[in-house]
Amino acid sequence: MSFFDLQGTLKPLTALKQFGKKPHTLKDIPWKKREASDNYRGLHFNDIDECIGCGNCSTICQNAAIDMIHLEGVEGKKGDSGLRPRVDNGRCCWCALCVEVCPTGSLSLTKDYIYVTEDPDAFLWTPGISNPDGEERKSYVSTHELSLNHFNRIPMPELEGKERIKSFAEVVLGYNEEQAREEASRCISCGICTEVCPDHMHIPEYINAIAAGDDKEAVKIIYDNNPLPEMCGKVCTRRCEDVCAIATRGDSVAIRWLKRYATETAATADITHEIVNPEIREANGKTVGIIGAGPSGLTAAYYLALRGYDVTIYEASAKAGGATMYGIPKYRLPIESLEKQIGYIQSIGVKIKFNTKVGKDISFKEIYDKYDSVFMGVGFPDAWPLGVDGDDAEGSMQAFRYLYMINSGEKVDIGDKVVVVGGGNVAIDAARVSRRFGAEVTILYRRRVEDMPADWEEIEGAEDEGIHIIPQGIPTKIHKDEKGHVKAIEYLKAEMVADDKGGRPRPVAIEGSETVLEATAVMAAIGQMGDYSFLPKEFEEKITIERGRFVVNEKQQTGDPKVFAGGDAVNRTADAISAIADGFRACKAIDEYLSGK
Amino acid sequence: MREKATTLYLGPQHPGITGNMMVRLKVMGDTIVSAQTEVGYLHRAFEKLQERRNWLNSFTLMCRFCVPETDPMENLYARAVESLDNIEVPERAKYIRVMVLELARIATQLMWYAGQNGSLGLYTMGQWSIGDRDYILDLFEQLTGGRVYHMYQWPGGVRRDLPEGFEGKVLRTLDYLEKRLKDYDDLMFSNSIFQKRTQGVGYVPKESIIEHGVVGPVLRGAGIRSDIRIDEPYEVYDKLDFEIPTQEGSDIWARALVRRAEVHQSIRIIRQVLDQMPKGEFNTSIPNPMKWRVKAGDTYVRAESARGEVGYYAVSDGTIHPRRMHLRGAAYVHAITLLENILPGQNVADVSAIMNSLGTCAPEIER
Amino acid sequence: MKEIKDKMIAQINAAFPEAVNKAYDGNRLDFTVHKDAIPGFLSHMKDQLGFRHLSHIAYVDWIEENEFELVYLLWSPTDKVKLFVHTRIDRENPVMHNIDMIWRQANTYQREIKEMLGIDFPDMVAPDEFILEDWDDIPPFRRDFDTLEYVNRTFWHRPGREDAQDVRETISKRSGEEIPDFAKKYSR
Amino acid sequence: MYNDKNSKKIVETIQNWARSHSVWVLAYGTGCGAIEIAPTMTSRYDAERLGFRGAATPRQADVMLITGYLTVKTVKRVVRVYEQMQSPKYVVGFGSCTINGGMYYDSYNTINLLDRYLPVDVYINGCMPRPEAVIAGLAKLQQIIREGKANGAEKYLENLEWYKENQRKIAPNWIAKAPDLNW
């Protein structure tokens, strides 16, 4: 290369051709804001009404930038923690992971990005409050498909419909380990579900333990306030799943099935004892008498026994469990499962006197005098009759009684055409049991199928098994044959009329739409009721009954401070988990009452 | 009289230094006698922080490792986790990733154009190439929602699909860049001042290559055809047709020519990617990030960044937190032992140019 | 690839009978070597088997086993094989052999290891400080160094966020749920 | 002539107006955000048309941009550089890291609150702030300079003891060795 390189000197000068060209400088800045791209990750926006305050954004945030705070005008309710996120913009890195994990999709990022101030304390940003107009400027959003939440539940393996009706084998097969871990991993551990659980079980904790592979720890956590968890894992009404944060845009986490999975790892009463390893306090010499070995009675007994009380349960039937033993068909809750759990409760020192009906074999007064405190978990042993013409025919029965008899091993003649009247779980149970005895079953319900109070899974299961559902049918008459046996049931078709007072639509019979359905048995499943004949007159003043239920205070205490009550005979929800909650509450109250705290 | 050596501190506050770091020079007149790199001004302890994060949200730290070129790091993390947990990545995601990586490579080289010329006093180049780089950042903004920190490639694929009409925009930008690259050649590579300042300067001797673990354009500028994209093909590089440019000089000039050729190759790759990109999924679902336990084990993945080989060693102990994450940056070896080795004998005025040509990136060294 | 790897394993086993091989798919070779054998092993790899490129020295603190692990990551440009060489060092007496005469850049890696983990390389020539300056705590990349605790002790967090509430706690307080202590570690 | 209150005020107003249109930025990229300084200063965004241009040394510079996190090691240099700068001088904090630690709030090597070590005049939101935001921040700085509110340097002198104490807390040996305000 020579000292003077002509080409190397002139070529760079061609850059001068740019001279006079319009520059690409964005001259409007800073006087005009430049629009960011369509999925820009700018300042946060939160739809305050849609947000349920699950706090998942706060958990995923690796910078600890998101606080959950109480906002003026946002109150907590069932399914909403009442807290809302606030972002510390002195921490945020706008990675938008909070958006990706938001189960409701309320959180998003906007196109706004300019925020300049002299005050370092002014960087706390409450999305949706700090930028109420952010809705229109939303850019980075998480759609159903893009969300990091897993909205689809792991399907529960079940027996085929055809297989099921052959026997009383359990229909639901349960998750295997891999499925359970995967399903448990869907949970975001917000804990919103615990509020609606009557018993306030520690749901996020035990699900997290399952996800971590610590099944035994999960069982231990579950037994903290529920002594019949396997039963709950199989048949609970699971109101927790209705408010699940994931359910806002998808299937709720299968909380019930996960509990079932965890408790099934405790295969026998002994193993349960080993895993739970309960701390039983020294006997304190006080005694508690419990009437009825149903869920509420067993719960109160178990936790009282753990606290050192001498507990005796009086049970009218030959087996404990109450409605869960006699009211639930065995394909949903196998007898061995329930006996295992009751066996465990007995193993820690709870005494159960079977076949001892209070009021007949032993008087209430005797129990009242003998024990320091009494708990009544007597349940609803009787069912409402259908109350139509011909109700007294042979073969017309109450579904609840039918289930009781079948579960006690008795044989019941139902023929081959069964009509069940009602739409609750008892109706479906009776129908599906009858189907297993080979009958053709029809369910007659006053309202529409979507109005049925039974679990949708149960309704689907019934349909799979070939049970016919006639909705909007109001039974009017039962036809008898010459021997006084049920021959047919007559019903009127109904139309749904909107309720003026804002309640759910009412069925109104259509004149002249009488239809007759052949039947060999008719089962009424329209509700149960209590039997309080055991209660002597002298107690009536203190232990009051209103609308068929005991009146208690928030501590399950009746008017007589020594007597507590719980279960179906007290609460309106009338399910097992409410009974367990009553028993647990009563246990604490009895402990308080007797220890004089 | 013997001249006495003077100590000069190049950095940390110095307009010519590449990032926040320092080189302590002992000079005799204009000539360097010895050099010592001092780093640590940008040490944020990422790897320690990642041990406190979970497997998903520690990916947000990845792009911060090297600020000028963020995407190879994201790619490494994604691939490390995928290889630990046996996650299959959809084909489309792989193509998108390659496109992003190559766009990032072009953007980094444009940044280098500015840095290399800035260190030699040709400031016009910086005005051009950084202004043109912004068009690539505009593409990134549309694709990922961020200009510099994309946080786009994550374990399982990429976060969002290509927006409507994105391919066309990429092609238009590439066409524009190709036109501009000719202007760059006229201004820079034909420039006799640039040639004289770079030819024979910053020579890396052949024996240093192996001894110092030299990688990337520095290695290729010494005539060795080595590139992770062909040595250990990742994503879909084995399905693409491109060349690995090499030069013989092993000086700043040779490395500049390699980088210039690489921009052209990257453009070629992106065109092929857009051509071959299949339809379909762009992401496989990963477990709930808060409960994601990656299978225990260790892995080492590598990628070719614009500065050379970057590697990522990841260890999982089967919990929700990474056990150990360790990054090997390309500049890690270049800016310390290699720089200290080749600087003696050079002119003080060339230090900045040499550091630029070695691809020094301070945040990557100390992490 | 498999033949190349098998051949290499045979060669390595012949030269270093104590080196323990672990099988992996792909182009990964994995050996565990006693720490005293490392310099000899690595220079053999470099000179005889073509692993000319030392990609990195990774380090892990296995505090449960009271050991440090160093992983030498080698690459053979000719055979396209990557080699992991693991070695363990006693945590109580962390001393390791210097290899910067085999690869000069190992000097940098070892300086980092020395500073971040506290492993001593007695015959390495390098300035004392590398990344940190005036560090007076335990080496920060050890597992027992709690970075957040150090931050709380040394720096500040901006006040004004004390009204933050825990979702789980808020709900349990509202419903009267008592979470037992042994379950709390599973709360989020 | 300058001694009466009114003319002093007028002179100050003119001074501030002039200062706000000629703000020289110190070329010191302390962290991530430095990468967006290059586009801000070059052709696309061209902050120079607003009066911002680079300055190579602290003596010539008016404003220091703290572009993100500061490691303990850098804080010492930054303090030194800041003290070398001549009044009037301003500090702009970029992004989350300068406000409350940002991503590195739990890192043992980065400070969390910049305003404990240096007086900060303007903070810019973002991680990192894009050039438009940077320019918005610089415009804000111009505005407060014009209003005469950018008095960080005076605040620093007034509260010198407090700042020094905080600096000493993270760098006990270094600050002790260094002569105060006498660079």
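**Exercise 1.** How many residues of domain 2 of chain A are in contact with domain 3 of chain A, and how many residues of domain 3 take part? Describe the domain 2 side.

*Solution.* The model is a predicted one.
Step 1. Locate the domains: in chain A, domain 2 covers 161-275, while domain 3 consists of 282-381 + 530-595.
Step 2. Count the contact: 23 residues of domain 2 of chain A meet 27 residues of domain 3 of chain A.
Step 3. Find the elements: on the domain 2 side, α9 (229-235) and α11 (269-276) of chain A each give two or more residues. The largest share, five residues, is that of α9(A).
Step 4. Sort by class: this side of domain 2 has 12 nonpolar, six polar and five charged residues.

**Exercise 2.** At what angle do helix α17 and helix α18 of chain A pack? Classify the arrangement.

*Solution.*
Step 1. The angle between α17 (residues 425-436) and α18 (residues 456-464) of chain A is about 25°, and their axes are 10 Å apart.
Step 2. Angles under 35 degrees count as roughly parallel, so α17(A) is roughly parallel to α18(A).
Step 3. The crossing of α17(A) with α18(A) is left-handed.
Step 4. From α17(A), the contact uses N425(A), I428(A), A431(A) and R432(A); from α18(A), E458(A), I459(A), G461(A) and A462(A).
Step 5. By class, the contact residues are four nonpolar, two polar and two charged.

**Exercise 3.** How many residues does chain C bring to its contact with chain B?

*Solution.*
Step 1. Chain C brings 27 residues, and chain B brings 29 residues.
Step 2. On the chain C side, β3(C) supplies the largest share, six residues.

Definitions and conventions: Residues are numbered from 1 along each chain as its sequence is written. Chains are lettered from A and ligands numbered from 1 in the order in which they are written. This is a predicted model: local features need pLDDT of at least 70, side-chain atom pairs count only at pLDDT 80 or more; totals for chains, interfaces and linings use all residues. Two residues are in contact if their C-beta atoms, placed from the backbone, lie within 7 Å. Helices (H or I, at least four residues) and strands (E, at least two) are DSSP runs, numbered from the N terminus. Axes are lines fitted to C-alpha atoms, for helices over the stretch in contact, and angles run from 0 to 180 degrees between N-to-C directions. Angles under 35 degrees count as roughly parallel, over 145 as roughly antiparallel, 65 to 115 as roughly perpendicular and the rest as oblique. A crossing is left-handed if the near helix is turned anticlockwise from the far one by less than a right angle, and right-handed if clockwise. Ala, Val, Leu, Ile, Met, Phe, Trp, Tyr, Cys and Pro count as nonpolar, Asp, Glu, Lys and Arg as charged, and the others, Gly among them, as polar. Domain bounds come from an automatic or database domain assignment.
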